[in-house]
Amino acid sequence: MIEFTFWDILRNLVFATRWTVLLSAVAFAGGAAVGLLILFARISKQKWLRRFGSGYIALFQGTPLLMQLFLMFFGLPMLGFRIEPWTAAALGLTFYASAYLAEIWRGGVEALPLGQWDAGASLGLHRLQELRLVILPQAFAITRPPAVGFLVQLIKSTALTSIIGFEELLRTANAINNATFEPFTVYGLVAVIFFVLCYPLTQYARMLERKIPAH
Amino acid sequence: MGYSLDFGWLRDAAGAIAHGAMMTLFLIACTTVLGIVISILFAAARRSRYGILRKAVAVYVEMIRNTPFLVQLFFIYFGLPSIGIRLDPVVAAILAMTLNMAAYTTEIVGAGLDAVPKGQGEAAYALGLRPRQVFVKIILPQALKVIFPALISQVIIMMLESAVVSQIAVRELAHEADLLQARTFRSFETYFVVTLIYLALSMAIRRLFVAGGRRMLGAGVS
């Protein structure tokens, strides 16, 4: 029997937190990239692309993340990939994040006055240039508070990847709990660590919200 | 490759899946009722004269909103017994879901209360209504009307998040899926079907609430 002191537990948990942070960062970056494509589809001039975009968003926002992760975990091997918790977790959270980010940014694009498009067109910009130079910078700027708010949600969501076997904070906590039988301390500490990660971001989002004047 | 989809198991599994879906609906129904009652109380507390009450609600909201639901669930189900509070899985699930949802809906209800013009309350007082009548009959219905869409979204988000209570062996939809796939070895198909059921449930709940809201709160509810 190995004896765990409070500090052993804390050290192991803090050490496992890097996987939570890394997964959050990868999923947010990947989600932003895929989300941009979904955004383009969602605001496209082609009706079938808009349909696809809104269907994609409705699908990911209307089903549990846990089921999405399971489908990734069991679905990827069918396409010839090896079952790997890390891949399934990163891909699952990426698609999940892309749907939410696309929807947040769409709100930003639609909040801009139509004159912005007209002004872009009158300068001779074609649609992609309009988006890149005029529309998207403004849309990103006004949607920064909800995007940061979503990052908090994403960090919390990484806890679900423990269920498909990814060794992040909560899965490490489960293992420690099985060895020490101190669930109150272990899960209490996990909550504190998540709080330390999320609370500054929540405050940052709130600060941004106050700074941006309402339209 | 060489994997072919097989849905033949579905016929025998329909009963279990329906049972799980009923449990999910039961959980979210309890959570919605309790959560909304609590959030009305907490939103009122947040606006009370007593500083300590305002602080306590603020701390609760921040604590819940900045930690994962799954961790809260494990803390309640596995952690509380070590200080002598032992809960049935279903009770633990409803408690965790209610505490989680109320942290979000407290803010929503509060925003709704702030959106009702002050003159509404003053006019009601001038007509001789008692403070409680003013709140229940004048302020609250108007506030609910404003926040109804946000409230529906929150209920649906909670319903989807309730899939994780399968981890403490509550026999709801996701847990039935876990059991089925262990028996049939058709993991992908099982989770695929159950995912679609969750999608249908979330659409049905939205429809139901919009129809119910129109009836109770009048037109203009979307």
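**Figure 1. Contact between chain B and chain A in the predicted model**. In this predicted model, 32 residues of chain B are in contact with 30 residues of chain A. On the side of chain B that touches chain A, the elements giving two or more residues are α2 (51–65), α3 (69–79), α6 (131–161) and α8 (187–217) of chain B. Of these, α8(B) gives the most, with 10 residues. Sorted by class, the residues on this side of chain B comprise 21 nonpolar, 8 polar and 3 charged.

**Figure 2. The largest nonpolar core and the surroundings of Leu66(A)**. The largest nonpolar core has 113 residues, and those that touch the most other members are Leu66(A), Leu69(A), Val190(A), Val71(B) and Leu73(B). When neighbours within four places in sequence are left aside, Leu66(A) is in contact with Leu160(A) and Ile163(A) from chain A, and with Ala163(B), Val164(B) and Ala174(B) from chain B. As general background, nonpolar side chains tend to be buried together in soluble globular proteins.

**Figure 3. Chain A, with the packing of helices α1(A) and α2(A)**. The secondary structure of chain A comes to 9 helices and 0 strands, and its C-alpha atoms fill a box of roughly 75 × 45 × 25 Å along the principal axes. Of the 215 residues of chain A, 40% count as buried, and among the contacts in chain A with a separation of 6 or more, 75% are accounted for by residues 24 or more positions apart. Helix α1 (residues 6–42) of chain A packs against helix α2 (residues 47–61) of chain A at an angle of about 130 degrees, their axes being 7 Å apart. This angle makes α1(A) oblique to α2(A). The residues that meet are Ile38(A), Ala41(A) and Arg42(A) in α1(A), and Leu49(A), Arg50(A), Phe52(A), Gly53(A), Ser54(A), Tyr56(A) and Ile57(A) in α2(A). By class, this contact of α1(A) with α2(A) has 6 nonpolar, 2 polar and 2 charged residues.

**Figure 4. Phe6(A) and Thr94(A), two residues of chain A**. Phe6(A) lies in helix α1 of chain A. With 11 other C-beta atoms within 10 Å, Phe6(A) is exposed, since the cut-off for an exposed residue is 12 or fewer. The C-alpha atoms of Phe6(A) and Thr63(A) are separated by 39 Å, and these residues are 57 residues apart along the chain. Thr94(A), by contrast in its setting, is placed in helix α4 (residues 85–111) of chain A. This residue, Thr94(A), is buried, with 20 other C-beta atoms within 10 Å, because a count of 20 or more is what the buried class requires. Residues up to four places away in sequence not being counted, Thr94(A) touches Ala27(A), Gly30(A), Gly31(A) and Val34(A). Between Thr94(A) and Leu160(A), which are 66 residues apart in sequence, the C-alpha to C-alpha separation in space is 14 Å.

**Figure 5. Chain B, with the crossing of helices α1(B) and α6(B)**. Chain B has 8 helices and 0 strands, and along its principal axes the C-alpha trace spans about 75 × 45 × 30 Å. Of the 222 residues of chain B, 41% count as buried, while residues 24 or more positions apart account for 74% of the contacts in chain B with a separation of 6 or more. The axes of helix α1 (residues 10–46) of chain B and α6(B) come within 10 Å and cross at roughly 135 degrees. That angle makes α1(B) oblique to α6(B), and the crossing in which α1(B) passes α6(B) is right-handed. Here Thr24(B), Ile28(B), Thr31(B) and Thr32(B) in α1(B) meet Val155(B), Met158(B) and Met159(B) in α6(B). By class, the contact of α1(B) with α6(B) has 4 nonpolar, 3 polar and no charged residues.

**Figure 6. Lys145(B) in helix α6 of chain B**. Lys145(B) lies in helix α6 of chain B and counts as partly exposed, with 19 C-beta neighbours inside 10 Å. Lys145(B) and Gly112(B), 33 residues apart in sequence, are 8.2 Å apart in space, C-alpha to C-alpha.

How values were computed: Residues numbered from 1 in each chain as written. Chains lettered and ligands numbered in written order. Predicted model: local features only at pLDDT ≥ 70, side-chain atom pairs only at ≥ 80, totals over all residues. Axes fitted to C-alpha atoms, helices over the stretch in contact; angles between N-to-C directions. Helix = DSSP H or I, 4+ residues; strand = E, 2+ residues; numbered from the N terminus. Parallel < 35°, antiparallel > 145°, perpendicular 65-115°, else oblique. Contact = placed C-beta atoms within 7 Å. Nonpolar A, V, L, I, M, F, W, Y, C, P; charged D, E, K, R; others polar. Core = buried A, V, L, I, M, F, W, Y, C linked by C-beta atoms within 7 Å. Left-handed = near helix turned anticlockwise from the far one by under 90°.
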